[in-house]
Amino acid sequence: MASSSSSTEPVTGLMTGEQGRPTAAEGHRGDELGRLQDAQSSPSSASLSSSSLFYALTSPTSCAPSYTSLPLPNEETVQYTPRRGSSGTFSTGSGTYMRKWKNMILTLYGQPDDVHNPIYDRHGLVVGELEMKCPEGVLAVSVKLEGRVTLSVNGVGARLLRTVEEQPTVLWEKEERSTRRCPGTLSFSLRLPVYFEDEEGRSWRLPPSLEPNYINAHNMFVRSTYTLSISLTRVVECPVLSRVKEKTYNVLLELRPRNRPTGAGPQFDSTSILASIKSSLDEWTQLVSRMEVTPGSRLRPVECHFFVPSNPTYCLSSTIPFHIQISSSLGTIRELFPPSSALLETQAREIVVKIRGKKAAKTVSIGSGKLRPVPPTDLGVGGASTPQDDMCLEWEGDVKCEEKVTSGGFDIGCLDVKDYIVLVLSPPSSKNPQLIGMQLAQPVKFVTDPWLENETVHPHDYEARR
């Protein structure tokens, strides 16, 4: 090991510029590495090489390369990531959200017009200001962000998970014996985190806001909320004595992490679903099942083929096409489709809650489909050919999420939300049913923004070309 005297001098000289530290004009790493090669022949090269090499590799260059969002004349853009706010179910707007109280007014910026609650994207920045109506009596003002997941299941228990728990940010505080008055307007900016840790130390992405009224009934309660909390301490004048009063004001925020499908779905118009299946089978997923009969029945099982797009990711505002083919004997078809039978295509959401090692699940409907009969045809793919003596019925249509659904599925360990496209075939009501109900479910993922077709540059870059 080199002595301290031999190792200190060269490093000190290099850091102070005595050994030719690169300046803004000559700071190229190649020049520095060239000096290092020359210096390695000196007696102190053993102590100089490691420290100097680290400095050479980490020192800034004279200039950074230039970048542009638009390709040069001899370049071509092959793919891009769409910018936030270009399109979708919602976008960060230029409007404001305002909330008024007796003692102050809250204004939050970057909000869509006519929004019920302030909306923020993943890792969103909450920017706003507080206007004090009586600033002379204010002693302290602070703000903070809070996130909670509340779970409750009858017979299982309850659980409260803190997803955002930050220390308050003090905007203003009056010092003791100070005569300074609180400013009339206080500005602030708070950043939502991307991840959180549960009680077991596991890291999860921050879940979206979830207040499903269609779930919070009977035996299960599920809620994921975010709050901007404002604490105001002020002096209240009374006839005899003045007193200090502290009050907290809460504003509900909506977290809607934005995302897009990984690719486009099948291309067709409203009358060519069947044609798309025949010409582009790889763009469709075929689910096959049988509706069985009860023991002793003379009926035959019902063969069911359910076609949905192979890309399982859809925008919340988009319609999802499907095609249904059912075949069996004529007697079975007549038994299956009297006025009381039901063929239903829906979207379902499964909510799985885990509390103290116990699991509870509930499935609710989040959308419904529209069916229209089409002339039967022999698809001739995947075993969908119909026997000659069988009768075949076919439908096509689409299904769409209800507007009350504002986020897709997610998993944070204690709460797992999954979505499905579901086909339900129910036998007619009867004291002695001969058919057993059948259900087909295809997992799907819902995102906030649609796929962008035929785009090669960012939407905002179009403005630069005008």
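**Reading salt bridges and polar contacts**

Modeller: Let us begin with Arg256, which is buried, since its relative accessible area is 16%. Please keep in mind that this is a predicted model.

Biologist: With which residue does Arg256 form a salt bridge?

Modeller: Side chains of opposite charge can pair when their charged atoms come close. Here the partner of Arg256 is Glu254, with 2.8 Å between the closest N and O atoms. Glu254 counts as buried, at 18% relative accessibility.

Biologist: Which parts of the chain does the salt bridge of Asp449 tie together?

Modeller: Asp449 forms a salt bridge with Arg260, and their closest N and O atoms are 4.0 Å apart. Asp449 lies in the loop between β22 and α6, while Arg260 lies in the loop between β12 (243-255) and α4 (273-279), so the pair ties together parts 189 residues apart in sequence. Asp449 is buried, with a relative accessible area of 2%.

Biologist: What does the side chain of Thr448 contact?

Modeller: The side chain of Thr448 makes a polar contact with the side chain of Asp449, at 2.6 Å. A polar atom of the Thr448 side chain also lies 3.1 Å from the backbone nitrogen of Asn259. Thr448 is buried, with a relative accessible area of 4%.

Biologist: Is Lys418 buried or partly exposed?

Modeller: Lys418 counts as partly exposed, because its relative accessibility is 39%. Lys418 forms a salt bridge with Asp416, the closest N and O atoms being 3.7 Å apart. Asp416, at 13% relative accessibility, counts as buried.

Biologist: How many salt bridges does the structure hold?

Modeller: The structure holds 17 salt bridges.

Technical notes. Residues numbered from 1 in each chain as written. Predicted model: local features only at pLDDT ≥ 70, side-chain atom pairs only at ≥ 80, totals over all residues. Heavy atoms only, no water. Buried < 20%, exposed > 50% of the residue type's maximum accessible area, 1.4 Å probe, protein only. Polar contact = N/O pair within 3.5 Å; in protein donor to acceptor, adjacent residues only side chain to side chain. Salt bridge = Lys/Arg side-chain N within 4 Å of Asp/Glu carboxyl O. Helix = DSSP H or I, 4+ residues; strand = E, 2+ residues; numbered from the N terminus.
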